[in-house]
Amino acid sequence: MLFPSLLHAIDTYQKQCPDKLCLADSAEEICYRDYARRIVATCALLQTNGIQQGDRVVLKAKQTISYLCWCHAIQLAGGIAVPLENSAGDMRVEQILALTEASMYVGDAPLGDAKFVPYDAQSDLALSSADMTQQLPDPQQISMILFTTGTTGASKGIVVTHMSEVAVAENVMYGVSMKPDNIEIIPTPMNHSFSLRRYYANLIRGATVVLLEGIIFLQQLFDALDRYKATAIALVPAALSVIFKLSRDQIGQYNHQLDYVQFGSAPLPEADKERITRLLPDCRLYNIYGSTESGCACSLNFNSADNMPGCIGFPNRHAHFIVTDAQHNQIESSPEHIGFLAYRGAMAMEKYYNEPELTERTIIDGYLYTKDLGYIDAQGRVYMLGRDDDVINTGGNKVSPGEIEECARRYEGVEDCICGATKDAVMGEVPLLYIVAGDDLDLRALHQYLSQHLEGFKVPKRIARINQVPRTYNGKIWRAKFAEIKALRQIT
Amino acid sequence: MDQLMKILEEARPDLDFAKETKLIDDAILDSFDIISIVSEINDVFDINVNVADLQPINFNSAEAIWTLIEKYL
């Protein structure tokens, strides 16, 4: 690997290119040398406050240089950073402080029993040395615990090491063919693994990251593109929908400036893929496949010949894929013989925090076994056709709800939709479709359209209107939440 | 202004928009609120708020949002 840890990368680049812009946020900019100096000074402050090797330090994520500096300073002091979403309420923070037995909380006001260090204490620090050589961490050491916000159940703590952070950064860096002079805009929340890992990739490349507070105030994105002559953007699919909704095709003006745009944390809807490809025909456009547990395993440049239905691209540098049967036995896969995707590599998490049984069930012999169904083609491309727990089994035919939703979304007037299933005495299960649409949409005409574009057993047996499709922050359809709402409201 | 207040109250019935002056600075409105408010404003007032006007300062209070709308009326 290029570096044993991200701190090694910062230390290297602060010597090699000290004046190069490392980070910018809405208030300030910092070069590699000053970033290193600030990390060293913040580390000294944490040590004065008694931080010890292995101590957990909880903090809320912000879209600022200061936040990232706190994370690295905690790690340089031998501690473990535990970032939470910025919107976390006091109860959530106290819960994580207790769960992780954190010894310190960096925040705006004291909480729980942990020692409190004010977030803004960093601004008063006198900067002197940038030398962190003596304190650089062991690559096997735990660097961070990432808590999921729990879309399918309770929040899980994903424990990662310095080495796995570098491995996932390399997966991203090589996966998108990042250049050393890359300048990437990251508007997504920095507690989220997707955002952190794009930042890590730029760090190990010695490139530049511009942090934005979301993309709702869209002019800030266009201003940042102009001001920094940014060459890349990292987005979640929902953010692209917002860009289209608020600015229509304006992003197309940056076709010759942008080197690539990468999308992650959820598959991009086909219609959005087509539209962004039309607007940015000269850019590389990536959809990244992975998980918080094992990041950025596959990258697909969907503005290339590899963009085939279901294709998620080639495995990234540290990822190795296999396809298995339900008993985890490796199988020879093909379009006619699909199985479950499993992958392993140095980017995998160490474990779930305080969940040894869950860890053992999730990672077996180094492989993360998913419920994603797919196959690998002769050239080594990986295909993902749906999730086993979402798949509808109708008369022995397996139907991916995503395929029905994709088709329905193409029908004019369907603003959003979600596919579900209901028990059927004859077929076992049959697909149903719930749509968000205006009153003038003719449900019969939609049904006819679906009948023309889908195989018979995939055509929904009933179509109903709903007000909203529940989605997670990153735009994924929140099926578990929908099932819950359906049960509560008795939507049939 | 009454129409705007109705839009805002429908988007976030839990807030007193007559009093709030830091809707964005204090992160009282989230991204979904802002998208739904902008969409409603565009529809109800038959305007098209320009991307250049999507700035936090224009959304910190009901008064600021009304000033923005007036620009297009």
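This is a predicted model: local features need pLDDT of at least 70, side-chain atom pairs count only at pLDDT 80 or more; totals for chains, interfaces and linings use all residues.
Me: What area is buried between chain A and chain B, and which atoms give 74% of it?
Reply: About 1,100 Å² is buried, and carbon and sulfur atoms give the 74%. Buried area is the accessible area (1.4 Å probe) lost by two parts on being put together, summed over both. The rule also finds one residue pair in polar contact across the interface, both residues at pLDDT 80 or more. That term means N or O atoms within 3.5 Å; within protein, one must be able to donate a hydrogen and the other to accept it, and sequence-adjacent residues count only if both atoms are side-chain atoms.

Me: Which helices of chain A each supply at least two residues to the side that touches chain B?
Reply: α7 (218–228) and α8 (237–247) of chain A. α7(A) gives the most, with five residues. Helices here are DSSP runs (H or I, at least four residues), strands likewise (E, at least two), numbered from the N terminus. The contact takes 13 residues from chain A and 13 residues from chain B, contact being heavy atoms within 4.5 Å.

Me: Why are the buried residues of α1(B) said to line one face of the helix?
Reply: In α1 (residues 2–11) of chain B, the buried residues are B:Leu4, B:Met5, B:Ile7 and B:Leu8. Down the axis of α1(B) they fall within an arc of 160°, so they share one face. The arc is taken over directions from the helix axis to the C-beta atoms. On the other side of α1(B), B:Asp2, B:Lys6 and B:Glu10 are exposed. The buried residues pack against α2 (31–44) and α3 (62–72) of chain B.

Me: Why is A:Val106 called buried?
Reply: Its relative accessible area is 0%. Buried means under 20%, exposed over 50%, partly exposed in between (1.4 Å probe, protein chains only). A:Val106 sits in strand β5 (residues 104–107) of chain A. Beyond neighbours within four places in sequence, its contacts include A:Val57, A:Trp70 and A:Tyr119.

Me: What makes A:Lys62 and A:Asp108 a salt bridge?
Reply: Their side chains meet at 3.6 Å, N to O. A:Lys62 lies in the loop between β3 (56–60) and α3 (65–76) of chain A, and A:Asp108 in the loop between β5 and β6 (115–118), so the pair ties together parts 46 residues apart in sequence. A:Lys62, at 24%, counts as partly exposed. A:Asp108, at 65%, is exposed.

Me: Why is B:Asp53 called buried, and what is its salt-bridge partner?
Reply: Its relative accessible area is 11%, so B:Asp53 is buried. The partner is B:Lys71, at 2.8 Å, N to O. B:Lys71, at 56%, is exposed.

Me: Where do A:Arg409 and A:Glu405 lie, about one helical turn apart?
Reply: In helix α11 (residues 401–409) of chain A, four residues apart. A:Glu405 is buried at 3%, while A:Arg409 is partly exposed at 22%.

Key. Residues are numbered from 1 along each chain as its sequence is written. Chains are lettered from A and ligands numbered from 1 in the order in which they are written. Side-chain values use heavy atoms; hydrogens and water are left out. A salt bridge is a side-chain nitrogen of Lys or Arg within 4 Å of a carboxyl oxygen of Asp or Glu.
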